[in-house]
Amino acid sequence: MRPFVDKAMPEAWKAAVTLSSVIREGAAQRGVSPHESELIKVRASQINGCVFCLDLHSREAREAGVPQQKLDLLSAWRESSLFDERERAVLSVAEATTKLPLSNESAAELSDALSVLGETTFVAVEWVAVAINAFNRISILSEHPVRRRDAEGNVVR
């Protein structure tokens, strides 16, 4: 069992949490909704295979109003008609930011996303994706455990 990265260097963890708060507030001021932020976080966490962040942000996505059906289909969002143009733009940015380096296809999708979102919102979406990717890595390296929950979301002891 590896040490928890966040516990072993709490001052760095505190700085990461502060950065995340600044990004969340800045993204909201630049037009990124909580719904969109959580879609970004869940999709990046799916790609990275971060079970802790998937558990956390799937719950937070539902609280932010993301329908369960969209969460169920999120890994296949390109094949679904449920996601609107703006959500598709946000998800394109989330995936490109997570799957670096950029491919020709992802660069083209980013260009399309920029035209949909505008520069200010586009950059804010990138920052949300950067932050969740950092937290994914912290949780994966720490092997943060996922607690079992009941149907209401309460931790089962």
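Tutor: A residue counts as buried when its relative accessible area is under 20%. Keep in mind that the model above is predicted.

Student: Is Thr 121 buried or exposed?

Tutor: Thr 121 has a relative accessibility of 10%, so it counts as buried. This residue lies in helix 8.

Student: Which residues does Thr 121 touch?

Tutor: Leaving aside residues up to four places away in sequence, Thr 121 touches Arg 30, Gly 31, Val 32 and Arg 86.

Student: How do I read the packing of helix 2 and helix 8?

Tutor: Start with the angle and the distance between the axes. An angle over 145 degrees counts as roughly antiparallel. Helix 2, residues 10-29, and helix 8, residues 119-142, pack at about 155 degrees, and their axes are 9 Å apart. Helix 2 is therefore roughly antiparallel to helix 8. The crossing of helix 2 past helix 8 is left-handed.

Student: Which residues make the contact between helix 2 and helix 8?

Tutor: An α-helix has 3.6 residues a turn, so residues three or four places apart point the same way. In this structure, helix 2 contributes Trp 13, Ala 16, Val 17, Ser 20, Ile 23 and Ala 27. From helix 8 come Ala 124, Trp 127, Val 128, Ala 131, Phe 135 and Ile 138. By class, this contact has 11 nonpolar residues, 1 polar residue and no charged residues.

Student: How many residues of helix 6 are buried?

Tutor: Helix 6 is mostly covered, with 11 of its 14 residues buried. Among them are Glu 87, Val 90, Leu 91 and Thr 98. The buried residues pack against helix 3, helix 5, helix 7 and helix 8. Helix 6 spans residues 85-98 and reaches 20 Å from its first C-alpha to its last, close to the 20 Å expected.

Student: What should I look for in the backbone?

Tutor: Most residues other than glycine have a negative phi, and most peptide bonds are trans. Here the peptide bond from Leu 100 to Pro 101 is cis, with omega near 0 degrees. Pro 101 sits in the loop between helix 6 and helix 7.

Student: Where is Glu 143, and what is its phi?

Tutor: Glu 143 is in the segment after helix 8. Its phi is positive, about 55 degrees, although Glu 143 is not a glycine. With a relative accessible area of 42%, Glu 143 is partly exposed.

Notes:
Residues are numbered from 1 along each chain as its sequence is written. This is a predicted model: local features need pLDDT of at least 70, side-chain atom pairs count only at pLDDT 80 or more; totals for chains, interfaces and linings use all residues. Side-chain values use heavy atoms; hydrogens and water are left out. Axes are lines fitted to C-alpha atoms, for helices over the stretch in contact, and angles run from 0 to 180 degrees between N-to-C directions. Helices (H or I, at least four residues) and strands (E, at least two) are DSSP runs, numbered from the N terminus. Angles under 35 degrees count as roughly parallel, over 145 as roughly antiparallel, 65 to 115 as roughly perpendicular and the rest as oblique. A crossing is left-handed if the near helix is turned anticlockwise from the far one by less than a right angle, and right-handed if clockwise. Contact means heavy atoms within 4.5 Å. Ala, Val, Leu, Ile, Met, Phe, Trp, Tyr, Cys and Pro count as nonpolar, Asp, Glu, Lys and Arg as charged, and the others, Gly among them, as polar. The expected span of a helix is 1.5 Å times one less than its number of residues. Buried means under 20% relative accessible area, exposed over 50%, partly exposed in between (1.4 Å probe, protein chains only).
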